[in-house]
Amino acid sequence: MQYSCNRYELKCNECGKRYGNQPLSACPDCIAPLELVYDLEAARGVFTRENIAAGPANIWRYAALLPIPDGFQPDLPVGFTPLVRAKNLGKRIGANNLYIKNDAVCFPTLSFKDRVVSVALANAQKFGFTTVGCSSTGNLANSVAAQAARLGLKATILVPADLEPAKILNTLVYGARLVRIDGNYDHVNRLCTLIADEYAWGFVNVNLRPYYAEGSKTVGYEIAEQLGWRLPDNVVVPMAGGSLIRKIRKAFNELIYLGLVEDKPVRFFGAQATGCSPISTAVKEGTEDIVPQRPNTIARSLAIGNPADGPAAAKMIRAEGGWAEDVSDIEIVSGIQELAETEGIFTETAGGVTTAVTARLYAQGRITPDQITVTCITGNGLKTTDALINSFSHLDARAVRPRMADFDAYLRELDGTTAATPETETELVAAGVTNVR
Ligand SMILES: *Cc1c(COP(=O)(O)O)cnc(C)c1O
């Protein structure tokens, strides 16, 4: 189960030993995570602004710096999600140059996980796996199930038993085998490590993790390209395992090295829920030692108590002058509502975390109003509607009879007014006004 490729291969972060291309996530010698390294010089004439612009409007426009086996024909239009200027949200929180990278609308399953899964599964096929799987906090399960179905691969997916019903349903519908584990994500993940050895299955975030993680770089490439080949001053990123935030940095580094963007300082800000905040806690305490936590938050997609890339993420954030914050479940719900009310974007709990943390960073003065700041919205609100169930009394509002008078009365009731000024045609006529038109 190996293939050779002269564009990229696995390398140990600690000892520097190289391992070619195989389903392996940690160095057998020093147990440190493996990462893919590229022949960047060979990419120099290929990974250019012009070639990228001529590519398809999805992540495969960046294929020259993704671990995609030779001969793989990508046919899913994943990624290239909108980068939108957030003027209304900005006004509320004191930001003049705020952008939202909106992966709530990522194809095909409405979260940024579609990016990582498409890259991992390309390699799973090359390695000869016929069954793939993952340990998941929800979004990964949805994406693996959908993309495996499309590729004709069998999928076995393990999740913590308390996952949101929508995320369970959004996995089962694709015909995947789903196993709910009586434990939290960290229990699920440990079990998957054992299963991967025993069954020879390709687990996208276990034995295929280095390939999977590279898919996250596309968020960074897209941000730079969509800003007109410029880097922002700040990026705010939700953190679960701590992989995405590091890979956005890696993407920026590659773009700088190859001359596609000008080098400049970029600060990275990590966002977590207080109920599962091992990385933000480490950042605040100025350490890279992650103290594992037992997750207790509505932001289940971020609920990893012992994050694999936590130490490296904490180190990177501090080294570049960034910061990390965490917010309560109440603030998460407010964050979801604030983003929806100001920008018309409905995000899941992870996006509530990111929005609330972004607001706090401006309030703290860690991000100043005129800096170009990108906040990463990574998942869709339709998957976590249960988090909002108590926020809207209207959900069980009484039905109104189909009559004007009932409607008028109901409207006044809703707006909390008793003696409304006449505003409808009927009311104006009733009030003695004849030339209503
Ligand atoms: C997985 C996930 C993240 C974070 O990913 P890591 O790379 O593990 O830090 C962020 N947001 C959502 C919605 C996710 O599903």
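Reader: How do the residues of the shell around the ligand divide into nonpolar, polar and charged?

Author: The shell holds seven nonpolar, six polar and two charged residues. Here Ala, Val, Leu, Ile, Met, Phe, Trp, Tyr, Cys and Pro count as nonpolar, Asp, Glu, Lys and Arg as charged, and the others, Gly among them, as polar. Please keep in mind that this is a predicted model, where local features need pLDDT of at least 70, side-chain atom pairs count only at pLDDT 80 or more, and totals for chains, interfaces and linings use all residues. Residues are numbered from 1 along each chain as its sequence is written, and side-chain values use heavy atoms, with hydrogens and water left out.

Reader: What makes Arg150 and Asp75 a salt bridge?

Author: A salt bridge needs a side-chain nitrogen of Lys or Arg within 4 Å of a carboxyl oxygen of Asp or Glu. The N to O distance for Arg150 and Asp75 is 2.9 Å, so the pair qualifies.

Reader: Why is Asp75 called partly exposed?

Author: Its relative accessibility is 48%. Buried means under 20% relative accessible area, exposed over 50%, and partly exposed in between (1.4 Å probe, protein chains only), so partly exposed is the label.

Reader: Is Asp309 buried or exposed?

Author: Asp309 is at 10% relative accessibility, so buried is the label. Asp309 also forms a salt bridge with Arg246, at 3.8 Å between the closest N and O atoms.
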